[in-house]
Amino acid sequence: MARVTGALPADLHVAPRAHIRRDTSTQRPHIPWAESIAQGLAHLAALADEAEARARLDARLVALRGALLASPYHLRQLQEAGLHPGDLQRLEDLGHFPLLDRSTLARHWDAVPTLPAESDECVVVKSSGSTGDPVRVVRDRRDCLHMWAVLRFLVSRAGAVLPPRPRVVLLDALPGGLEYSVRLPIFHDGALHRVSVLRGDARERLCRVRPAVLFSDPEGLRWLAEQREVPTPRLVLTSAQHLPVGLRAALREKVPAPVLNYYATTETGPLAWECARGEGRFHVFAPDVWLEPGLDEVVVTRLRPSVLPLLRYRPGDAGTVRRDACACGFHGWTLEGFGGRGACHFLTPSGRTVDAWTLAWVFKHHALRAFRLTQVERSRFELEVAGAEEANVGPLCERLTAALRNLGWTEPRLEVRHVEPAALATRAKPQPFRTLLSKG
């Protein structure tokens, strides 16, 4: 992260890591705000009257109109379209406003935010880049804390009963092995522990912490399912979007706790959570965000105050939103047919299937505009890269080849092709893994 005060300079850099201890020590004044976020989500999730729900969402457009007026990018776009923020009176009016896609946000990341006051502190974070084309995102203080406010709601929604001062573990499978332990006042005076599965004593440390809540990605959950004895959290969360069926089953046997999969992006924050009674159905986090119904793709408008006003943002994910009264007790809008990270399975020489997304971490630490890894034959892969310096491709190939060996390929062959970014461009979010092998 990097601090931003006043206007956003064009040469602003992204710092390598957050000021973790500073951030946790200043959370206490934001606890009432976190409680209000959780209460608002709970109220809308139980509100059966659609007209009242829409009226509550319409009321949030007042703050959004002010943010659009203060955003250099949005104000310019609306003027060019012959529109004014004051024209946005109801949710139904959104259809007349221009869309904002991911590539445009990447180009204009410093013009979309509202200019912060001198007393406000903002940070710039960078999306993971696991699909290529990372995006710089400006966040204010509450944006950085918002997930902890949402977690209060999710714990209640899952029926999890937490102990006093609960411990939260971020189980991390990324290279580097960064670990830390900090206090977490905003989440019931708890503590946050980052545990790297790459460390030799990872299981022992996890057992010492005994987390009440555990966050991880599919690779971290796969590691958890393979351990001989691990503590049972009250709740497990992952923002995997694509969570393989086999991994879900293995995790249920090892850790008899609710596993909650939620949909989030770096640009938007949390958007929806997967219903425990219907895999593939994601309930929307209203009133914090609005996902437009009736389309064949996700279009997001942020309704909670933020330094980054997002109006009709297209993260590049497929899906259709409709009003839903679910068997789980939820009343609101549900995202179905979700197509974010498309499922892709590679086949090892022994015939074992491997989720291709277990290789995503390899690409996160290399500067690429875009990439695509294709399994052409059992042991032959084609890697297409765009925007990569020649000197960076060698280390990337070495790391990727080593990862394939670890997954079961004894002699993987990797063929590299440099292509133009347009050759890998898609209308939706990039799909960087594919296979040419027949499913039979």
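This is a predicted model: local features need pLDDT of at least 70, side-chain atom pairs count only at pLDDT 80 or more; totals for chains, interfaces and linings use all residues.

Reader: Is Arg 165 buried or exposed?

Author: Arg 165 is exposed, with a relative accessible area of 64%. Here exposed means over 50% relative accessible area, buried means under 20%, and partly exposed is in between, using a 1.4 Å probe and protein chains only. Residues are numbered from 1 along each chain as its sequence is written, and side-chain values use heavy atoms, with hydrogens and water left out.

Reader: Where does Arg 165 lie?

Author: Arg 165 is in the loop between H7 and strand E5 (167–172). Helices (H or I, at least four residues) and strands (E, at least two) are DSSP runs, numbered from the N terminus. Arg 165 also has a positive phi of about 50°, although it is not a glycine.

Reader: OK, new topic. Which peptide bond is cis?

Author: The one from Ala 286 to Pro 287 is cis, with omega near 15°. Pro 287 sits in the loop between strand E12 (282–284) and strand E13 (289–291).

Reader: And Pro 85, is that one buried or exposed?

Author: Pro 85 counts as buried, at 2% relative accessibility. Its place is the loop between helix H5 (72–80) and strand E2 (100–101).

Reader: What is Pro 85 in contact with?

Author: Leaving aside neighbours within four places in sequence, Pro 85 is in contact with Arg 65, Leu 68, Leu 69, Leu 75 and Leu 78. Contact means heavy atoms within 4.5 Å.

Reader: Let's zoom out. How many helices and strands are there?

Author: The protein chain comes to twelve helices and 23 strands. Of its 440 residues, 53% count as buried.

Reader: Which residues touch the most other members of the largest nonpolar core?

Author: Trp 148, Leu 154, Phe 215, Leu 237 and Leu 291 do, in a core of 65 residues. The largest share of this core, nine residues, comes from helix H7 (residues 141–157). A nonpolar core is a set of buried Ala, Val, Leu, Ile, Met, Phe, Trp, Tyr and Cys residues joined through side-chain atoms within 4.5 Å. There is also a second, separate core of 25 residues, which includes Val 362, Leu 373, Phe 381 and Leu 396.

Reader: Why would such side chains sit together?

Author: In soluble globular proteins, nonpolar side chains tend to be buried together.

Reader: Nice. What is the strand order in the open sheet of four strands?

Author: The order is E22-E21-E20-E23, with mixed pairing. Strand E22 (413–418) and E23 are at the edges with a single partner strand each, so one side of each has no neighbour in the sheet. Two strands pair if DSSP finds at least two bridges between them.

Reader: How do E20 and E21 run, parallel or antiparallel?

Author: E20 and strand E21 (residues 380–386) run antiparallel and are joined by seven bridges. A hairpin of two residues connects E20 to E21. Phe 371 has Val 385 in E21 as its bridge partner.

Reader: And what about E20 and E23, parallel or antiparallel?

Author: E20 and strand E23 (residues 433–435) pair in the parallel sense, over three bridges. There, Gln 375 has Thr 435 as its bridge partner. Six of the eight residues of E20 (residues 370–377) are buried, so this strand is largely enclosed by the rest of the structure.

Reader: Last one: how many disulfides are there?

Author: The count is zero, where a disulfide is a pair of cysteine sulfur atoms within 2.5 Å.
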